[in-house]
Amino acid sequence: MNPTDTPRRNVILSGMQPSGELTIGHVAGALRNWVALQDEFDSLFCVVDLHAITVRQEPAKLRRRSLDLAAMYQAAGVDASRSVIFIQSHVPEHVQLSWVLTCLTGMGECSRMTQFKEKSDRHSDNINVGLFTYPILMAADILLYNADCVPVGEDQKQHLELARNLAERFNHHYSPTFTVPEPYIPKLGGRIMSLQEPTKKMSKSDPNVKSWIGLTDSDDEIRSKIRRAVTDSGTDIRYDELARPGISNLMVLYHVATGKSFADIESEFAGSSGYAPFKEAVADAVAEYVRPIRERFVAIRADEDALGRTLRHGAEQARERARKTLRKVYKKTGFVEL
Ligand code: TRP
């Protein structure tokens, strides 16, 4: 072994779509975990703009949001010197691998995807083929880098299952090529719910702005949204997702913002009269938590040259790795080498 060889660290890859405004849900459910994982793993984090166009996007907005998201990854603590941060469309190998995988995927495998069914209902005026093959492109994102582990939300589990099946199928038809990836689904904070309808996921596309906390909301906006959050009947602070979705959601936010356990939170507010003191504490904690992220975001986003350099560097690192995988895949598939 070459003395400079270091053992291979396990690879993680994840991505988010630049398709909406950023909320605290992005940090609580995903970015927080990426930051925690980036030391232990060889990490790649992608802005999946190719996925975003499966629903209609305004070009100028898409461009702005892609840069916003890349800046937000860093503002939340993803470190471009330790992790690869890149934009999916900068690495053409994603689309190239996706085509090969498309030809290994059955129609039925795509048509039974829950998210495809949901999105076809929601965008019934634009059920395009990209929406249908979306999970194959996602499989390409993952397999291109031989990711061992993929941090995703519960809603992406089915897509990850397809990525695993495609890896196994290719390996079996040709020869061992791809790592079969494992999902990594965070237990807590994975889903932040709407502040107005706490049985629905918090979403930036919700027209009621009081239902979500934006990562660029001011301290006052954050406090006011939390004070006005819908809570449940009852008066005590107790975690019960089903019977007390409103209070439980605020407890998750408080946990994310302070690191306190549910047991600690329950005893902190045991015997307090009504929800008001608890809401006040959550409002302050969340405002404190978001403030430095917002400040870093504004600074990073303001320096577009530096952001551009980071993304160029990320794309170069990603491409070097992607090219190697794609070359093997093309060769095994039977394409003539030039
Ligand atoms: N489909 C994912 C989502 O909406 C985003 C995504 C695209 C992704 N490619 C990925 C996540 C690869 C993890 C790995 O959340």
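This is a predicted model: local features need pLDDT of at least 70, side-chain atom pairs count only at pLDDT 80 or more; totals for chains, interfaces and linings use all residues.
**Entry 1, the strands.** I looked up which residues face each other across this pairing. Ile 12 is opposite Ser 43 of strand 2, and Met 16 is opposite Val 47 of strand 2. Strand 1, helix 1 (residues 24–37) and strand 2 together form a β-α-β unit, and it is right-handed.

Then I checked how covered these strands are. In strand 1 (residues 11–16), five of the six residues are buried, so the rest of the structure largely encloses this strand. Strand 2 is mostly covered too, with six of its six residues buried. I also noted which way the side chains of strand 2 go: Asp 42, Leu 44 and Cys 46 point one way, while Ser 43, Phe 45 and Val 47 point the other way, and all are buried.

Strand 2 has another partner. It runs parallel to strand 3 (residues 84–87), and four bridges join them. Here Leu 44 stands opposite Val 84 in strand 3.

I picked out Phe 116 and Phe 132, which make an edge-to-face pair with 5.1 Å between the centres and 75° between the planes. Phe 116 belongs to helix 6 (residues 114–122) and Phe 132 to helix 7 (residues 129–143), so this pair ties together parts that are 16 residues apart in sequence. Both Phe 116 and Phe 132 are buried.

I looked at Phe 269 and Phe 278 next. They form an edge-to-face pair as well, 5.1 Å centre to centre and with 75° between the planes. Are these two buried or exposed? Phe 269 has 9% relative accessibility, so I put it down as buried. Phe 278 is buried as well, at a relative accessible area of 0%.

Over at Trp 212, the charged end of Lys 225 sits over the ring, 5.1 Å from the ring's centre.

I wanted to know which residues have the most contacts inside the largest nonpolar core. This core has 59 residues, and the ones with the most contacts in it are Ile 24, Tyr 73, Ile 213, Leu 253, Phe 278 and Val 286. Helix 12 (residues 276–302) supplies the largest share of this core, 11 residues. Where does the core lie relative to the domains? Domain 1 (11–189 + 303–333) and domain 2 (209–298) both contribute residues, so the core lies between them.

I finished with Ile 226, which I found in helix 9 (residues 219–227). Its relative accessible area is 0%, so Ile 226 counts as buried. I also checked Ile 226 against Ala 287: they are 61 residues apart in sequence, and 9.6 Å apart in space from C-alpha to C-alpha.

Definitions and conventions. Residues are numbered from 1 along each chain as its sequence is written. Side-chain values use heavy atoms; hydrogens and water are left out. Buried means under 20% relative accessible area, exposed over 50%, partly exposed in between (1.4 Å probe, protein chains only). Helices (H or I, at least four residues) and strands (E, at least two) are DSSP runs, numbered from the N terminus. Two strands pair if DSSP finds at least two bridges between them. A crossover is right-handed if, with the strands pointing away from the viewer, the path from the first strand over the helix to the second runs clockwise. Rings of Phe, Tyr and Trp (its six-membered ring) pair if their centres lie within 6.5 Å; planes under 30 degrees apart count as stacked, over 60 as edge-to-face and the rest as tilted. A charge sits over a ring if NZ of Lys or CZ of Arg is within 6 Å of the ring centre and within 35 degrees of the ring normal. A nonpolar core is a set of buried Ala, Val, Leu, Ile, Met, Phe, Trp, Tyr and Cys residues joined through side-chain atoms within 4.5 Å. Domain bounds come from an automatic or database domain assignment.
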